[in-house]
Each structure stands twice: as structure tokens, then as C-alpha cells.
Amino acid sequence: MTRSLIALLCAFTLHDASACYGPLPQQLISVDEQIARARDVTVAMAVSATPAGTSAVEYRFVVQQRLAGPEQGSFTLMGGTASGNHKDTSFDHHTAPVFWKHGGGRTINESDCIIAPSFILGESYLVFQGSPATWRSFEKIETVDGKVDENDQWLAYVRARLATRPAWELAADPG
């Protein structure tokens with residue numbers, strides 16, 4: 001009886017330690033808090049995806065627009081494979097109310113509480129790097145006539161808020 005009870009308690013303890021029952025609070029911060037924390041923000045096109053294990057993918061991006069952070073022509077991000085937790089949507093150019101509500105965004109955390117974004121090659125994304133990832137850190141930005149949609153509401157909002165910050169803060173490299 002005692003062994004069964006101990007085994008049962010161990011099973012529940014291990015299960016609780018490995019499962020994420022809800023997103024971490026820092027993944028659901030407000031849009032304004034996310035922008036206030038931002039140090040590296042770009043609009044970039046996904047140009048390659050290299051498998052890096054069973055569910056990990058290394059994505060390479062070419063920078064189309066630098067909004068904040070160090071100048072660079074390209075960068076890589078570790079992400080995941082496309083799954084049901086990831087929507088390849090721009091939320092109708094980020095005009096859909098569901099995007100702006102608490103918890104809105106294209107990419108949510110997996111069952112391990114980690115956000116592992118996936119991307120479509122040839123598509124453009126507004127990417128926040130260098131700070132804790134949120135559900136809005138990797139938003140798709142549509143292209144119009146082959147150019148980034150400057151009328152996308154999330155892109156316009158981020159650009160306007162970043163414009164109110166001091167230039168030294170936008171260029172800061174925390175690393």
C-alpha cells in the first residue's frame with residue numbers, strides 16, 4: 001500500500017513539473033509593455049528552415065526593415081515545426097479585434113510553456129528578439145505589391161510607439 005501511494009505521488013509530481021497548464025504571465029503582457037521592453041525589432045522575411053532535431057527548426061531571416069536594435073542584414077531564430085498552436089495569419093492586417101484582446105497573437109506556447117514559433121518561407125514577420133517571447137513576438141505582416149504592408153495596424157502601432165522612445169534606447173544592444 002505504501003509503495004503504491006509513493007508511486008502515485010511521484011507520478012503526479014513528475015506530471016506537474018513537465019506540463020504547462022496555462023501561459024506564463026510574461027507571454028501575455030500588454031502590447032505597450034512589450035514595446036517598452038523591446039530592444040531588437042525587425043520586419044524580416046523567412047528564407048530558410050533547417051531541421052535541428054525532432055521538433056526544432058532553425059529559421060534564417062533577411063531583414064527588410066530595422067525598427068530597433070543593432071543593424072544586421074540577416075539573423076537566425078530557433079523555432080518549431082508548424083503545429084495546431086500556430087496560425088499563419090495576419091489577423092486581416094491586424095485589424096481583427098481578437099488580435100488586440102488579452103492573449104491575442106499568432107504564436108502561443110507549447111505544453112512545455114515554451115514559445116517555439118514556426119514560419120512560412122517567403123513570408124514576412126514583425127519579430128521581437130532579445131526579450132522574453134510573447135504571443136505577439138512573431139507576427140505575420142502581409143505584402144502588398146511585393147512590399148511590406150505599411151498599413152498593417154500592428155506594424156504601424158509598433159512603429160509609432162517606438163518613435164516616442166529616445167534614439168539611444170532603440171539602438172541599445174543589451175548583450
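My entries below go from the whole chain to its rings and then to one strand.

**Ground rules.** This is a predicted model, where local features need pLDDT of at least 70 and side-chain atom pairs count only at pLDDT 80 or more, while totals for chains, interfaces and linings use all residues. Residues are numbered from 1 along each chain as its sequence is written, and side-chain values use heavy atoms, with hydrogens and water left out.

**Whole chain.** I found 6 helices and 7 strands (DSSP runs numbered from the N terminus: H or I of at least four residues for helices, E of at least two for strands). From the N terminus, their order reads α-α-β-β-β-α-α-β-β-β-β-α-α. I also looked up burial: 39% of the 175 residues are buried (under 20% relative accessible area with a 1.4 Å probe, protein chains only).

**Rings.** How many aromatic pairs are there? The count is 12, where rings of Phe, Tyr and Trp (its six-membered ring) pair if their centres lie within 6.5 Å; planes under 30 degrees apart count as stacked, over 60 as edge-to-face and the rest as tilted.

I picked Phe61 and Phe75, which are stacked because their centres are 5.0 Å apart and their planes at 15 degrees. Phe61 is in strand 2 (residues 56–68) and Phe75 in strand 3 (residues 74–80), so this pair ties together parts 14 residues apart in sequence. Both Phe61 and Phe75 are buried.

Next I checked Phe99 and Trp154, an edge-to-face pair with 5.4 Å between centres and 65 degrees between planes. Phe99 belongs to helix 4 (residues 97–100) and Trp154 to helix 5 (residues 153–163), so the pair links parts 55 residues apart in sequence.

**Strand 4.** Is strand 4 (residues 124–129) buried or exposed? I got 6 of 6 residues buried, so the strand is largely enclosed by the rest of the structure. Ser124, Leu126 and Phe128 point one way, and Tyr125, Val127 and Gln129 the other.

Then I looked for its partners (strands pair if DSSP finds at least two bridges between them). Strand 1 (residues 40–51) pairs with strand 4 in the antiparallel sense over 6 bridges, and Val43 has Leu126 as its bridge partner.

Note on methods:
Buried means under 20% relative accessible area, exposed over 50%, partly exposed in between (1.4 Å probe, protein chains only).
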